[in-house]
Amino acid sequence: MDKPHKKLKAWQLALDIAVDIYTITAKFPADEKFGIVSQMRRCAVSISSNIAEGAARNTKKEFVNFLHIARGSLSELDSQLELAKRLSYINEIEWKRFDEKLTDQDKLLSGLIRSQKEPR
C-alpha cells in the first residue's frame, strides 16, 4: 500500500507533536484523565490523522479540506496548551517548546494548502 502521507514533513511533525502531548499529559493530575488530557490527546492525534486521510483522497480539493480540519485541531490544541499553562500543568519552558512546534506545524500546513491550490 502506497502511503503518501509518510513523505510529508507536516505529517511527520504532527506525529512528533502527538508523541510529545502523550508524554507531557501523562504527568497531569489524575483527575484530568477524562478532561483536558483526553481533549489534548484527541486533538494531537487528529492533526496527523487528518493529514494522512487527506493525502489518501482522490482530489486536491478533498486533501485541502482535510488539511483545514488538521489546522482546526492544531488551533484547539494551542488553546488547550494555553489552559494547561495557566493551570500550571506545564511550565513556561514546556509551553514555549510546544508553541514553537505548533507554529512550525501551522506554517507547514499553510504551505501545503497553498501548494495544493496552485495550478500546475
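# Core, helices and selected residues

Student: Which residues touch the most other members of the largest nonpolar core?

Tutor: The largest nonpolar core of this predicted model holds 34 residues. A nonpolar core is a set of buried Ala, Val, Leu, Ile, Met, Phe, Trp, Tyr and Cys residues joined through side-chain atoms within 4.5 Å; buried means under 20% relative accessible area, exposed over 50% and partly exposed in between, with a 1.4 Å probe and protein chains only. The members that touch the most others are Ile21, Phe28, Ile51, Leu77 and Leu81.

Student: Which helix gives the most residues to this core?

Tutor: Helices (H or I, at least four residues) and strands (E, at least two) are DSSP runs, numbered from the N terminus. At least two core residues come from each of α1, α2 (36-55), α3 (60-86) and α4. With 9 residues, the top contributor is α2.

Student: What pLDDT does the chain average?

Tutor: pLDDT is the predictor's confidence in each residue, from 0 to 100. In this predicted model, local features need pLDDT of at least 70 and side-chain atom pairs count only at 80 or more, while totals for chains, interfaces and linings use all residues. Residues are numbered from 1 along each chain as its sequence is written, and side-chain values use heavy atoms, with hydrogens and water left out. A score of at least 70 is reached by 98% of the residues, and the chain average is 94.

Student: Which element has the lowest mean pLDDT?

Tutor: The highest mean, 98, belongs to helix α1 (residues 9-25). The lowest, 96, belongs to residues 92-117, helix α4.

Student: How far apart are the end C-alpha atoms of α3?

Tutor: The expected span of a helix is 1.5 Å times one less than its number of residues. The 27 residues of α3 should therefore span 39 Å. The model agrees, with the end C-alpha atoms separated by 39 Å.

Student: Which helices do the buried residues of α3 pack against?

Tutor: The buried residues of α3 include Phe63, Leu67, Leu74, Leu77 and Leu81. Contact means heavy atoms within 4.5 Å; by this rule Leu81 touches Ile21, Met40, Ile90, Trp95, Phe98 and Leu102, leaving out residues up to four places away in sequence. As a group, the buried residues of α3 pack against α1, α2 and α4.

Student: Which backbone oxygen does the side chain of Gln105 reach?

Tutor: Gln105 is in helix α4 and counts as buried because its relative accessibility is 0%. Among its contacts beyond four places in sequence are Leu13, Ile17, Ile51 and Leu74. A polar contact is a pair of N or O atoms within 3.5 Å; within protein, one must be able to donate a hydrogen and the other to accept it, and residues adjacent in sequence count only if both atoms are side-chain atoms. At 3.2 Å, the side chain of Gln105 reaches the backbone oxygen of Ala10.

Student: Is Ser88 buried or exposed?

Tutor: Ser88 sits in the loop between α3 and α4. Its phi is positive, about 65 degrees, although Ser88 is not a glycine. Because its relative accessibility is 62%, Ser88 counts as exposed.

Student: How far apart in space are Asp2 and Ile24, C-alpha to C-alpha?

Tutor: Asp2 is in the segment before α1, whereas Ile24 is among the buried residues of α1. The two are 22 residues apart in sequence, and their C-alpha separation in space is 32 Å.
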